[in-house]
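Me: I've got a model open and I'd like to learn how to read its features. Can you walk me through a few?

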Amino acid sequence: MKGIFIPLMIFFGVQISFGQATIKTMFYNVLNYPEAPPENREEILETIIDSYEPDIFMICELETEIGGEEILNESLNDDNDNYSSAPFLSNFSNSDVELHQLLYYNNQKFTLIESQRLTTTIRDINWYTLELILDDQVNNPIRIEVFVCHLKASRGVENEVKRLNMVNEFIDNYENLDENAYVIFAGDLNVYSSNEPAYQELLNSNNKITMVDPINMPGSWTSNDTFTNIHTQSTRINSEDFGNFGSGGGLDDRFDFILMSENMINSPELSYVPDSYLAYGNNGNCYNQRIDDIDCTGIYDSALRDALYNMSDHLPVVMELQSNQQFLSTPEFTEAIENIQLVNGNVISDELSLQINNNSESIDFEIYNTLGQKMKSFSVDSNTITKISVSELSLGMYYLVPTNINSNTIKFLKVN
């Protein structure tokens, strides 16, 4: 077998395109979606999404499940079906509150393992477990525990205590997490400074899991032009043109955050990309102005800032992560046979679903394991969708090799 193994691995190395694991995250308060005007906000959100293309998209102020489906189908999957949604979970914490959180994810990079909720006295904190779809996923799975929240709004000691109580529900849940877990805590925190008890408790180094603020810019953020470049609210001077939904006053608050567990500072397995945390759309020169002001020029152009102005009174926050492991690659085909694809993606259970749009009468395939051993042979007719059982294969990585045409090898992962 040794003589076969080396040339097969050389062949695979030439034919397969490996993808470095880079992950783009975005949190966004979408402002009473879908009720708040204007009526075409799914198209406006599409513009914002397309400009950044997040792999993990976390939102708050979603009103209805139908609104969540509209975001998925119209804003995210406008060109393809690469995004999936976590289940919509109605708010259990307070029956009078009709604002919810939700997570969307790139289904080419992640599998959703579980969706849960933590109840508080105000609003749920939604908890999602995502697993990266990696080459070595079976032997070395990497998971991210993602928490999405919307803490109590407004000033005053009473509201600060309510925010702290909500945070404590999150911290109490640490007992359900491994101390080495990778954790993201994102949301509209509604805190006015780094001295607020809720923010301090989130970053408390005595906790089982220590959370950190990636940009480490403590201070009194509100109405302080020192922090102009990280302010996320308000994108508007007033809300009269938007049915009085949202707040005005111009950009002068840092309410929106993505925090992460301390182990993501420098872990080779999963780490923060330095300088990637941004108040998305904020050019750093829009203090107390509306985000689409003609003087707020910079790297974010007027088309994006117009969309952000019309979409919400908040700006999104974004952050990138990276891993020294590699994503299970999406196959890249030569021009002549570019229409061979795995219909249900590269992560499969018991059945391969192959779609062939090609002039050939039929295409022959062989399946090899990572040792170069041939496991299966079959033929597929062109211009059809054919289902091939692979239930007999063990869990792990395999290579689907077309043998009678000039084509790249297709890599897939069998997970159960």
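Me: How many disulfides does the structure hold?

Reply: A disulfide is a pair of cysteine sulfur atoms within 2.5 Å. The structure holds 1, joining Cys286 to Cys296 with an S to S distance of 2.1 Å. Keep in mind that this is a predicted model, where local features need pLDDT of at least 70, side-chain atom pairs count only at pLDDT 80 or more, and totals for chains, interfaces and linings use all residues. Residues are numbered from 1 along each chain as its sequence is written, and side-chain values use heavy atoms, leaving out hydrogens and water.

Me: What is the handedness of the disulfide of Cys286 and Cys296?

Reply: Look at the torsion about the S-S bond: for Cys286 and Cys296 that is about 85 degrees, so the disulfide is right-handed.

Me: Are Cys286 and Cys296 buried or exposed?

Reply: Buried means under 20% relative accessible area, exposed means over 50%, and partly exposed is in between (1.4 Å probe, protein chains only). Both Cys286 and Cys296 are buried.

Me: Which side chain makes a polar contact with that of Arg163?

Reply: A polar contact is a pair of N or O atoms within 3.5 Å; within protein, one must be able to donate a hydrogen and the other to accept it, and residues adjacent in sequence count only if both atoms are side-chain atoms. Arg163 pairs with Glu196 at 3.2 Å. Arg163 is buried, with a relative accessible area of 0%.
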